Amino acid sequence: MTETASRPTLEAVAERAGVSRATVSRVVNGGDGVREPLVERVRQAVEELGYVPNQAARSLVTKRHDAVAVVIAEPETRVFADPFFALQLRGISKELTAHDNQLVLLLTEGRDDHARVARYLAGGHVDGALVFSLHLDDPLPGLIQGAGVPTVFGGRPGWSDGTRDVVYVDSDNRGGARDAVRLLAGLGRTRIAHITGPLDQTSAADRLDGYREVMGDADPGLVVESDFTPGGGERAMRALLERCPDVDAVFAANDLTAAGAVRVLRERGRRVPEDVAVVGFDDMMPVAEQTDPPLTTVRQDIEEMGRIMARLLLRRLERRTADGAAGGADGSDAPVVLPTTLVRRASA
């Protein structure tokens, strides 16, 4: 048998710091009313002894679990195959870790999972939720609202009933799409097609709107709906070539779609960009750089979007802790829309 060293106790920290046990408890559990010099002595003793606060006791004082749910309304097969989600999760994780919060990942394989997620959120396991990749008919927003947890959304939500205070982080999808199509038109291309994402998601719908704002009354046959995947890009490109064989440019709704389109163009003997110029959206590494030729694309800072989502939620939780409010939106909770940037490479 091996004898393990006992964990440092509150009493040991109090003795090291020269203060009472009650003072140590208030400091480590986030309570108020302790003078700064004493706070510093307690923190130094905690560090020297390697004391780890009891999370259950801390939660009783702060009413916080220091855990945040990240809800992605997509099946795991897509989440783990698409680097978009890895980048957004990285940004969220960095921000939560910097504030000593844990990330709890919840995925939805289908509608049967929605009630499970809602029960978990309502069960008091987490302080708040970050939710993204919603679809227009998704019941999750209503279920999450019913669970009563503060929430920040990734991407502009699609509802417009005006009944919810919505905080979200998004990119300028419409403006980025306009920049992409204007570039192609400026290159002298006249048959500019668009391969969309799933149009029950606002990001895809906004990019289609940006395309239409530049193209006006272009041939509707030049627009093909897809699903943000390489396979979807391949299928859409084949359909485009059959429907509009004179296509000379493609704006794809994301980089994975663009990569699939480029593969089909190569198979059909179409040179990129000489015969057909291609522009993507996202600027995801390594997809954009490893496509042959490397993709011209619209860059959105996906990792920063995740960081800002987490930052906004943590601010709401701090206010909720400080004033006992329900965490509703206020003037500092305005939606954030990040700018996009056109990145030129060899495909256009």
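In the predicted model, glycine 280 has threonine 297 of β10 as its bridge partner. Strands β9 and β10, the latter spanning residues 296-299, are paired in the parallel sense over 4 bridges. Strand β10 is also joined to β12 (residues 341-343), through 3 bridges and in the antiparallel sense.

A charged group was located over an aromatic ring at phenylalanine 281. The charged end of arginine 207 sits over this ring of phenylalanine 281, at 3.8 Å from the ring centre.

The largest nonpolar core comprises 39 residues. Those touching the most other members are Leu184, Tyr211, Met237, Val250, Phe251 and Val278. Two or more residues are contributed to this core by each of the helices α9 (173-186), α10 (202-215), α11 (230-243) and α12 (255-267). The strands β6 (192-195), β7 (223-224), β8 (249-252) and β9 (277-282) likewise give two or more residues each. The surroundings of leucine 184 were examined individually. With residues up to four places away in sequence left out of the count, leucine 184 touches Val250 and Phe251, along with Arg189, Ile192, Ala249, Ala277, Val279 and Ala348.

Aromatic contacts were then considered. Across the whole structure, 2 aromatic pairs were found. In the pair formed by phenylalanine 84 and phenylalanine 85, the ring centres lie 5.6 Å apart and the planes stand at 90°, so the arrangement is edge-to-face. Both residues fall under the 20% limit for burial: the relative accessible area is 18% for phenylalanine 84 and 1% for phenylalanine 85.

The other pair joins phenylalanine 85 to phenylalanine 132. Here the ring centres are 6.1 Å apart and the planes are at 20°, so this pair is stacked. Phenylalanine 85 belongs to helix α6 (residues 83-98), whereas phenylalanine 132 belongs to strand β3 (residues 128-132); the pair therefore ties together parts that are 47 residues apart in sequence. Phenylalanine 132 is buried, as is phenylalanine 85. Through these ring pairs, Phe84, Phe85 and Phe132 are linked into a cluster.

Conventions:
Residues are numbered from 1 along each chain as its sequence is written. This is a predicted model: local features need pLDDT of at least 70, side-chain atom pairs count only at pLDDT 80 or more; totals for chains, interfaces and linings use all residues. Side-chain values use heavy atoms; hydrogens and water are left out. A nonpolar core is a set of buried Ala, Val, Leu, Ile, Met, Phe, Trp, Tyr and Cys residues joined through side-chain atoms within 4.5 Å. Buried means under 20% relative accessible area, exposed over 50%, partly exposed in between (1.4 Å probe, protein chains only). Contact means heavy atoms within 4.5 Å. Two strands pair if DSSP finds at least two bridges between them. Rings of Phe, Tyr and Trp (its six-membered ring) pair if their centres lie within 6.5 Å; planes under 30 degrees apart count as stacked, over 60 as edge-to-face and the rest as tilted. A charge sits over a ring if NZ of Lys or CZ of Arg is within 6 Å of the ring centre and within 35 degrees of the ring normal.
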